[in-house]
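Okay, thanks everyone, let me put the model up and walk you through a few things I looked at.

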Amino acid sequence: MATTLQNTTKDMTRGTPWKLIISFALPVFLSQVFQQLYNTIDSLIVGKELGTAALAAVSSSGTLIFLMISFFIGSSMGAGIVISRYFGAKDYDKVSRAVHTNLALGITSGVILTVIGVVFTPTFLRWMDTDPEVMPEAVSYFRYYFAGALAIVLYNTCKGIMNALGDSKRPLYYLIFSSVLNVVLDILFIAVFKWGVWAAAVATTISQAASAVLCLIQLFKKGTIYQIKLKQIGFDGEMLKEILRYGLPAGIQNSVIGLANVIVQSNINSFGKVATAAYGTHAKIEGFAFLPINSFAMAMTTFIGQNLGAGEHERAKRGSRFGITTAVLLAELIGLIIWLFAPTFIGLFSDDPAVIEFGTNQARIEALFYCLLAFSHAVAAVCRGAGKAFVPMSIMLAVWCVLRIVYIELMMHFTNEIQYIYWAYPITWGISSLIFLCYYLFSDWVHGFDRGRMNPQPEVGEGN
């Protein structure tokens with residue numbers, strides 16, 4: 001057991017904090033690169049092979065896909081917090097119970113998401129003011145994509161379990177395989193067979209199912225502390241309550257951000273298919289640009305969770321300072337690169353000069369402010385690792401959803417110019433960063449788990 005435990009998990013309560021965070025973040029980064037390749041390859045091949053209208057069809061569904069899956073993926077973060085906390089405290093019985101409960105939750109969520117996504121696709125796209133010219137292809141792409149929603153949720157559930165235990169390498173290996181498979185299928189279905197936009201979604205669904213199956217095979221292996229047993233998959237009341245306590249705020253946070261982005265997308269769609277294609281293309285580029293920061297955020301959540309679970313408060317503080325500083329510096333360097341080479345990056349997806357112009361305009365408004373977005377994400381990761389998931393949810397709900405929507409509606413009422421929509425992002429990133437800075441400096445975030453032990457049934461909002 002000792003050998004297996006050492007090979008499949010990583011105890012982040014011992015060793016140099018910055019080395020542990022980097023060694024955890026690197027495989028996560030590579031894993032996210034390949035995960036981001038799914039929809040990016042779809043867009044690249046669709047844009048080059050099928051044209052601007054087809055690219056707009058894929059792009060029009062991007063924010064809606066995020067909205068639909070973000071709640072369920074965010075909720076699974078709660079399990080990661082619970083698992084990393086009990087792993088740090090060496091309570092392996094509760095680790096196992098949390099793993100089985102989380103898997104049951106993932107299966108249930110995936111089935112619900114599949115039904116909702118497939119049935120209500122046309123309704124959702126009409127709400128988003130999708131261009132009628134691209135509506136048929138957008139509906140087709142969206143429905144085929146959500147036919148594989150269970151695989152999406154299961155992969156992220158299994159990856160979250162492994163990451164919480166310090167294993168960030170195996171999810172990377174599985175995702176590399178499925179990403180290569182996705183590229184091969186995209187080329188085969190679209191470039192060779194000349195099928196429509198829907199084929200890109202089918203390729204993604206098959207590939208994501210492959211990565212989910214590989215993860216499940218690993219989790220069913222005997223001799224690990226997280227070994228899954230079929231008869232134990234179910235809802236443990238105590239664990240479910242704890243997972244939802246930490247996961248629901250993250251799920252709600254992701255959903256409100258997704259909702260705000262859907263409203264932004266709706267306003268963008270009103271400027272026509274060229275603006276829609278450019279916005280979706282920029283989102284792909286920004287998604288890649290922010291992968292290193294997201295990787296550090298995930299590493300920090302696991303590091304903070306394990307160390308606070310073990311009562312290592314000062315160690316958690318040292319790790320958080322390193323993670324926040326590194327994320328901010330990386331983000332600004334990446335933002336400068338995006339600012340300089342925006343036309344080239346946008347041109348990879350489309351040869352249309354108008355699409356390149358729109359996308360470059362957005363990139364050069366937002367890119368130099370990536371440091372603010374990174375700071376907000378990094379402190380939010382610290383909060384989640386400390387069991388304070390309610391805090392980033394509240395801040396992002398107020399600023400990234402309510403304030404952003406109010407700003408855009410006001411701007412579009414007085415002036416119908418697209419650049420004011422782009423400015424909504426850096427403005428709200430700056431405001432949220434100021435609030436997060438005050439919370440990080442002046443709150444007692446390191447003792448959230450301690451108070452939870454003394455008072456197992458806190459009032460709503462307490463301990464979050």
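Which residues are linked in a network of salt bridges? They are D93, K94, R97, D236 and E238. By salt bridge I mean a side-chain nitrogen of Lys or Arg within 4 Å of a carboxyl oxygen of Asp or Glu.

Quick caveats: this is a predicted model, where local features need pLDDT of at least 70, side-chain atom pairs count only at pLDDT 80 or more, and totals for chains, interfaces and linings use all residues. Residues are numbered from 1 along each chain as its sequence is written, and side-chain values use heavy atoms, with hydrogens and water left out.

Back to the pairs. The count comes to 7 salt bridges. In one of them, K94 meets E238 at 3.9 Å, N to O. That pair links distant parts of the chain, with K94 in helix 5 (residues 92-119) and E238 in helix 11, 144 residues apart. Helices here are DSSP runs of H or I, at least four residues, numbered from the N terminus.

E242 and R85 also pair up, at 2.9 Å, N to O. Here helix 11 (residues 237-269) supplies E242 and helix 4 (residues 62-88) supplies R85, 157 residues apart. E242 counts as buried at 11% relative accessibility, and R85 is buried too, at 9%. Buried means under 20% relative accessible area, exposed over 50%, and partly exposed in between, using a 1.4 Å probe and protein chains only. By that scale K94 is partly exposed at 21%, and so is E238 at 42%.

Last one: K317 and E314 form a salt bridge at 3.6 Å, N to O. They sit 3 residues apart in helix 14, so about one helical turn separates them.

Note on methods
Helices (H or I, at least four residues) and strands (E, at least two) are DSSP runs, numbered from the N terminus.
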